[in-house]
Amino acid sequence: MNLKNGSVVTEFILLGFSGQWELQIFFFVTFSLVYGATVLGNILIMVTVTFSSTLHSPMYFLLGNLSFLDMCLSTVTTPKMITDLLTEHKTISIWGCMAQMFFIHFFGGAEMTLLITMAFDRYVAICKPLHYRTIMSHRLLNGLVILSWITGFIHTMSQMVLTVNLPFCGPNVIDNIFCDLHLVLKLACIKTYTLELFVISDSGLLSFICFILVLISYTVILVTVQQRSSGGLSKALFTLSAHIIVVTLFFGPCIFIYAWPFNSFSGNKILSVFYTVITPLLNPIIYTLRNQKMQGAMRKLRFVRVSSTQNF
């Protein structure tokens with residue numbers, strides 16, 4: 001695929017966060033700290049799930065995969081955004097732009113499917129506890145994780161195949177912190193109305209449907225628990241609240257960004273920051289602060305590491 005075939009534009013300009021130099025420095029320090037905490041927090045969860053014998057269960061296996069996807073999703077956009085805060089000319093090549101869009105939708109689509117899998121895991125654990133280990137076998141878990149990656153790949157390829165050869169010969173300014181499909185399509189030299197509708201149905205409608213399916217599954221869980229025992233409802237709410245928060249934080253911005261009509265939306269840039277920068281940080285915070293088992297496993301691993309260092 002030759003991007004320059006019939007194309008004059010070779011790079012795009014990302015407006016990012018424009019403002020006074022002091023404000024740019026403030027954003028640089030803030031987002032650098034957030035990104036650093038995101039990487040460290042998600043790596044800590046992955047290491048804890050991998051090496052802690054008490055966390056070898058389907059829920060924590062899926063949580064480790066979620067942390068990996070969150071870290072990858074943030075890494076696609078945040079480092080570029082941070083470095084752009086220190087430069088006057090915020091540009092990105094066409095190939096770099098296409099790569100950003102590919103991986104954003106790749107990791108985003110995979111995470112959508114994984115969140116549905118996590119909702120199914122909680123349904124089986126709470127509504128069918130006696131058959132939990134049988135149903136959520138290692139074979140099924142590995143298959144569902146692989147399915148999430150395949151779904152992400154199909155999701156992004158279905159859009160990128162139609163986007164990568166578009167001619168760009170006019171305006172090249174993107175009013176956002178990174179390249180995204182619904183903004184890049186507006187800059188093409190040909191009419192892209194049909195493609196825009198496809199992106200809405202592919203990304204926007206997919207996000208909305210997945211969000212509704214996850215909420216329905218959690219509603220079924222709560223209704224089932226309430227019918228069995230009124231006292232178990234509060235415990236189920238506490239267990240599921242972290243999952244519901246994560247799902248809402250992830251799907252909310254996606255629905256507003258991609259299911260919204262293709263007219264300009266003033267809060268688009270803020271939602272983009274929340275979706276790619278803030279949410280990947282909040283996930284490890286939510287799961288660790290509200291999960292005593294995870295906290296205990298982290299303390300145990302730290303104690304083992306300190307003890308082995310002292311013995312050495």
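**Entry 1: helices H1 and H2**

I began with a pair of helices and noted that H1 passes H2 in a left-handed crossing. The model I am reading is a predicted one. I then looked up where the two helices lie: H1 covers residues 21–51 and H2 covers residues 58–84. Their axes come within 9 Å and cross at roughly 155°. Angles over 145 degrees count as roughly antiparallel, and H1 and H2 are therefore roughly antiparallel to each other. I also looked up which classes of residue make the contact of H1 with H2: 16 are nonpolar, eight are polar and one is charged.

**Entry 2: helices H2 and H5**

I stayed with H2 and turned to H5. The axes of H2 and H5 come within 11 Å, and they cross at roughly 20°. Angles under 35 degrees count as roughly parallel, so H2 is roughly parallel to H5. I recorded the crossing of H2 and H5 as right-handed.

Which residues make this contact? From H2, I listed Pro-58, Phe-61, Leu-62, Asn-65, Phe-68 and Leu-69. From H5, I listed Leu-141, Asn-142, Val-145 and Trp-149. Sorted by class, the contact of H2 with H5 has eight nonpolar residues, two polar ones and no charged ones.

Next I looked up the strands. Strands of a sheet pair through backbone hydrogen bonds, either parallel or antiparallel. Here I found an open sheet of three strands in the order E2-E1-E3, and its pairing is mixed. Which strands are at the edges? They are E2, residues 91–93, and E3, residues 173–174, and each of them pairs on one side only.

E1 runs over residues 11–14 and pairs with E2 in the antiparallel sense, over three bridges. I looked for a facing pair and found Glu-11 opposite Ser-93 in E2.

I then asked what lies across E1, E2 and E3. The answer is helix H3, residues 94–127, which runs at about 85° to E2.

**Entry 3: salt bridges**

Side chains of opposite charge can pair when their charged atoms come close. I looked up how many salt bridges the structure holds, and the count is two. One of them joins the side chains of Asp-84 and Lys-80, with 3.2 Å from N to O. Asp-84 and Lys-80 are four residues apart in helix H2, so about one helical turn separates them.

How values were computed:
Residues are numbered from 1 along each chain as its sequence is written. This is a predicted model: local features need pLDDT of at least 70, side-chain atom pairs count only at pLDDT 80 or more; totals for chains, interfaces and linings use all residues. Side-chain values use heavy atoms; hydrogens and water are left out. Two strands pair if DSSP finds at least two bridges between them. Contact means heavy atoms within 4.5 Å. Axes are lines fitted to C-alpha atoms, for helices over the stretch in contact, and angles run from 0 to 180 degrees between N-to-C directions. Angles under 35 degrees count as roughly parallel, over 145 as roughly antiparallel, 65 to 115 as roughly perpendicular and the rest as oblique. A crossing is left-handed if the near helix is turned anticlockwise from the far one by less than a right angle, and right-handed if clockwise. Ala, Val, Leu, Ile, Met, Phe, Trp, Tyr, Cys and Pro count as nonpolar, Asp, Glu, Lys and Arg as charged, and the others, Gly among them, as polar. A salt bridge is a side-chain nitrogen of Lys or Arg within 4 Å of a carboxyl oxygen of Asp or Glu.
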